[in-house]
Amino acid sequence: MDSEDEVRALSAAWDQALVANDPERVAAFMTDDWVYVGPDGPTSKSDIIGWIASRRLRHDRMTTAGPQHVVRVGGMIALTARKTSAGAWEGNPYTADEWITEVYVPAGDSWRCALSQKTPAASGP
């Protein structure tokens, strides 16, 4: 398996860990300094993992919708895909349709995500 395919597989496994709502499994896919960038700005790994552990954030579904774009840039690999998800934030159900870009960096003999950025998908053509 080449590195790009390995990152595709890691991203799918990370989605499974998110749906399992297992904070330790989720954290294992991230670098220590991982950051999520969304509409409200950056959020740290410790915040996301804490929200999952406390059940403040729950993921029920995470699905890749369409092809993934994977590109190697220097020593890192970026994966972009459209994903749909459902879950709950502070007990309130949500659904999302987003474009996500994950930036993976080498970590020993594997890869870890250093940055995730999400943008809401447009509802029309």
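Where is glutamate 90 found?

Author: Glutamate 90 is found in the loop between E5 and E6. These labels follow DSSP runs numbered from the N terminus, with helices (H or I) of at least four residues and strands (E) of at least two. The model is a predicted one, in which local features need pLDDT of at least 70 and side-chain atom pairs count only at pLDDT 80 or more, while totals for chains, interfaces and linings use all residues. Residues are numbered from 1 along each chain as its sequence is written, and side-chain values use heavy atoms, with hydrogens and water left out.

The backbone of glutamate 90 deserves attention: its phi is near 50°, a positive value in a residue other than glycine. Glutamate 90 counts as partly exposed because its relative accessibility is 47% (buried is under 20%, exposed over 50%, and partly exposed in between, with a 1.4 Å probe and protein chains only). A positive phi is also found at arginine 55, with a value of about 70° although this residue is not a glycine. Arginine 55 is placed in the loop between H3 and E3, and with a relative accessibility of 49% it counts as partly exposed.

Aromatic rings come next. There are three aromatic pairs in the structure (rings of Phe, Tyr and Trp, the last by its six-membered ring, with centres within 6.5 Å; planes under 30 degrees apart count as stacked, over 60 as edge-to-face and the rest as tilted). In one of them, tryptophan 14 and phenylalanine 29 have ring centres 6.2 Å apart and planes at 15°, so this pair is stacked. Because tryptophan 14 lies in helix H1 and phenylalanine 29 in the loop between H2 and E1, the pair ties together parts that are 15 residues apart in sequence. Tryptophan 14 is buried, with a relative accessible area of 4%, and phenylalanine 29 is buried at 15%. Another pair joins tryptophan 14 to tryptophan 34: the ring centres are 6.3 Å apart and the planes stand at 75°, so the pair is edge-to-face. It links distant parts of the chain, since tryptophan 14 is in helix H1 and tryptophan 34 in strand E1, 20 residues apart. Tryptophan 14 and tryptophan 34 are both buried.

With residues up to four places away in sequence not counted, it touches Trp14, Thr43, Ser44, Lys45, Ile48, Cys113, Ala114, Leu115 and Ser116 (contact means heavy atoms within 4.5 Å). One of these, leucine 115, is found in strand E7. Leucine 115 counts as partly exposed because its relative accessibility is 28%. Beyond its neighbours within four places in sequence, leucine 115 is in contact with Trp34, Val35, Val37, Thr101, Glu102 and Val103. Between leucine 115 and arginine 72 there are 15 Å in space, C-alpha to C-alpha, and the two are 43 residues apart in sequence.
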